[in-house]
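My entries follow the structure.

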Amino acid sequence: MKKLLLILLMLLVVGAFAQTRKKHAKKKVSRTTKHRVRHRVSTREEEPVLQPEFQYVTMGADKKIVFTDPPDGQEKPFVIINDTVYNGRLEELKVDNIIDVSVVKRKGARIMYGPKAAAGAIVIKTKQHLPANLAYNTLPLPKPRPQQKPFMFNEEVTYGKVEDIDPKKILSIDTLIQPKFVGSKDNDTTVSVTTKVYGKKLYQWKFGTLSKAYKTYIRSRRGNDNGVNYVLSDGTTLTGGKEEDLIKLLKVYNSDIKSVTFAGATGKRSNRTPTTVTIEINEQSN
């Protein structure tokens, strides 16, 4: 009898334990599903609704530009015509007078032009002359560029001002006189500017074409000829690296050179003979 009672008690305990486990499992499932649903709802709420940008500029069926103003109440784009801010309506612009149109989207426009271009930006370039039926304040003309006479800078045509070049870098300024065109009796003058660095490269290049040893020497020293003695036919000695001798070496470059002989440095430090370049010039050009 005692054995039967023990068996019944054991069955009751096992059954109660199983029921409690089922209840706990159901609670866990309900909690996880609720958490997942909340997470999904929160992620959907956080996603911003992207509104498509308004198409201010489109291409018509006749392959011509079509401007469209935004509806009333919406922000207008920031419009620049020939480097001038334009506040009028886009539809009033004459398409035939426009050369180029660039549309900048909102993000890029804010970076370039600030908050005033929150709705985007449109950059327009027009022709030089305006049509008669368009007011000048509606479509401004491009700013004319001042015409500047070119000059030679290190043997290349350059536009600008000679005054903008650092005087410390200039080696020589020469005036070239030549006919305006082939067969013309009228002459035209052009200013030629040579810098110190370029002048050094010129005479080193010419001396190197006449002496392979000198060319190898200059290349090994990356154009540094400080302390090199250049001995001319008349006995004049010019030293590389000296600014007062640099213009004289440039004149030697422009002369008719017959030969160039290179002799490397010899001896010890206490009794060292410097590197010497002997330059023989034809008597006619000397």
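Entry 1, ground rules. I am working from a predicted model, in which local features need pLDDT of at least 70, side-chain atom pairs count only at pLDDT 80 or more, and totals for chains, interfaces and linings use all residues. Residues are numbered from 1 along each chain as its sequence is written, and side-chain values use heavy atoms, with hydrogens and water left out.

Entry 2, sheet with β3 to β6. I took helices (H or I, at least four residues) and strands (E, at least two) as DSSP runs, numbered from the N terminus. Two strands count as paired if DSSP finds at least two bridges between them. I read the strand order as β4-β3-β6-β5, an open sheet of four strands with mixed pairing. The edges are β4 (84-86) and β5 (98-104); each has a single partner strand, so one side of each is left without a neighbour in the sheet. On average, neighbouring strands here are turned by 25° against each other, direction ignored.
I then followed β5 to β6 (residues 121-126): the pairing is antiparallel, over six bridges. Ser102 has Val123 of β6 opposite. Helix α2 (residues 106-113) packs on this sheet and touches β3 (78-81), β5 and β6, with its direction at about 100° to that of β5. Contact here means heavy atoms within 4.5 Å. Axes are lines fitted to C-alpha atoms, for helices over the stretch in contact, and angles run from 0 to 180 degrees between N-to-C directions.

β13 and β14 (residues 276-281) run antiparallel, joined by six bridges; Ser259 has Glu280 in β14 as its bridge partner.

I checked α3 (residues 196-210) against α4 (residues 212-220): their axes come within 5 Å and cross at roughly 135°. The two are therefore oblique to each other, given that angles under 35 degrees count as roughly parallel, over 145 as roughly antiparallel, 65 to 115 as roughly perpendicular and the rest as oblique. Among the contact residues I noted Tyr203 and Phe207 in α3, and Tyr214 and Ile218 in α4.
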